[in-house]
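Try each task before you read its solution.

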Amino acid sequence: TQEAEARERGLPARTRDGHALAIGANVNTPDQVPFALSQGAEGVGLMRTEFLFLERGETPGEDDQYATYRAMLEALRGRPLIVRALDIGGDKQVPHLALPKEENPFLGVRGARLLLRRPDLMEPQLRALYRAAKDGVPADAPGGKDAPLSIMFPMITSVPEVLALRDACERIRAEIAAPAVPLGIMIEVPAAAIQADALAAHCDFFSIGTNDLTQYALAIDRQNTELAPEADSLHPAVLRLVRMTCEGAARHGRFVGVCGGIAGDPFGAGLLAGLGVHELSMTPRDLPAVKARLRAASLAELKALAEEACAQPDAAAVRALDRSSGDRAE
Ligand code: PEP
Ligand code: MG
C-alpha cells in the first residue's frame, strides 16, 4: 500500500548487520525540500548554489543569499544542510560574470580556483552563510535549535587552497561573531583523492563528486555524448580513488560523503558503502530504491563486493558483479 511505502521510505538506511548510512538529497531550493523529505532524505548533502547566480542574470547580494540559506534551514527544521560554495567554470558558466574565455574551461579557473581569485564573489556568500549559522532556526527534528549548517568547497586540488579558504572563513566568522561551522571539501580531482590523507588534516569532512572525479580520472569530458557510455563512475580506477579517499579520511577520523550521480544508483551506493563512505546524497527520486537496497545488504558483504569491484579490469566487469550478487541472493 501507499502508506506502507511511505513508512518504508522513512526508515533509516541500516544494513542487516546494523550499519547505518546517512542519506541526503541534492536539493537547490527550499521548495524542493518537502518532496526530498517525503522520499526519505535525512537532510541535504549537496545544495548547489550556482542557480542563485544563473536564474536572475545578476549576482545576488549578501542579503538575498542569506534569505535563501535561511529558508533552506527553515524548510529542513533542524536537519543537516551542506551548502556548496559557488562552483562556476567548466560546464557551469554564468554569462553575466563575463569571465575570461578559456581554451579548456574544465582545466581552468573553476570552483575554488575562481573563489580564491574573486573575493567579491566569495566573501558575500560566506558572510551570508555565517549569518544564517549564527541566527539559527526553530527545529523539530534532531539537531536542536542551532542551524546544522556545513560549508564545502568545490574543485579542491591542493592543501594551500584549503588553508586559504579556511583563513577566509575564519576571518569572516570572527567579524560577525558567528559560531564555527564544519568546513568540508569536494574530492573531485584525482590529485585530491590521492592526497586525501594530507587534505583530511585540514578540513572537517569530504564529499566525493564522482561526476567530476570520473571525468578527470578517465579524461572524458562529462558533456561528450560520444564517450558517455565509457564515462562510468563504476570504473575500477574511480572506485580505487574513492577507496583512497576513504582511507585518507579515516586516518584523521573524517566523515566522507558522496554527492555525485553514482550515489543514487542502488548497486553503486552499495559499493560506496563497502568502500567506507558514511553518507550518500542524491537526486530525491533515487532515494527510495537506494535505501531499500542498503537495508537488504550487509556491510560485511558490501565490503567484500567493493574489494572485488576494485580488482576488476573494467567498468563492465564491475557491473557484472551486480547480476552475480543478485543470483547469489536468490
Ligand atoms: C560532482 O562532480 O560529482 C558533483 C556532485 O558536482 P557537480 O555535478 O555539480 O559538478
Ligand atoms: Mg563537480
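A pocket is an open set of points on a 1 Å grid over the protein atoms alone, where a 1.4 Å probe fits, with protein on both sides within 12 Å along at least five of seven lines. This is a predicted model, where local features need pLDDT of at least 70 and side-chain atom pairs pLDDT 80 or more, while totals for chains, interfaces and linings use all residues. Residues are numbered from 1 along each chain, ligands from 1 in the order written, and side-chain values use heavy atoms without hydrogens or water.

**Exercise 1.** Find how much space lies in the second largest pocket, and what lines it.

Step one: the volume, meaning the space filled by probe spheres set on the points, is about 290 Å³.
Step two: 15 residues line this pocket (an atom within 4 Å of a point), and Gln93, Leu99, Pro100, Lys101 and Glu102 are the closest to its centre.

**Exercise 2.** Name the protein donors of the magnesium ion (ligand 2).

Step one: look for N, O and S atoms within 2.8 Å of the metal (3.2 Å for Na, K and Ca); water isn't among the atoms, so sites may look incomplete.
Step three: Glu188 sits in the loop between β6 (183–187) and α8 (190–194) and Asp212 in helix α10 (residues 210–218), so the pair ties together parts 24 residues apart in sequence. Helices (H or I, at least four residues) and strands (E, at least two) are DSSP runs.
Step four: buried means under 20% relative accessible area (1.4 Å probe, protein chains only); Glu188 is buried at 1%, and Asp212 is buried at 2%.

Note on methods: Buried < 20%, exposed > 50% of the residue type's maximum accessible area, 1.4 Å probe, protein only.
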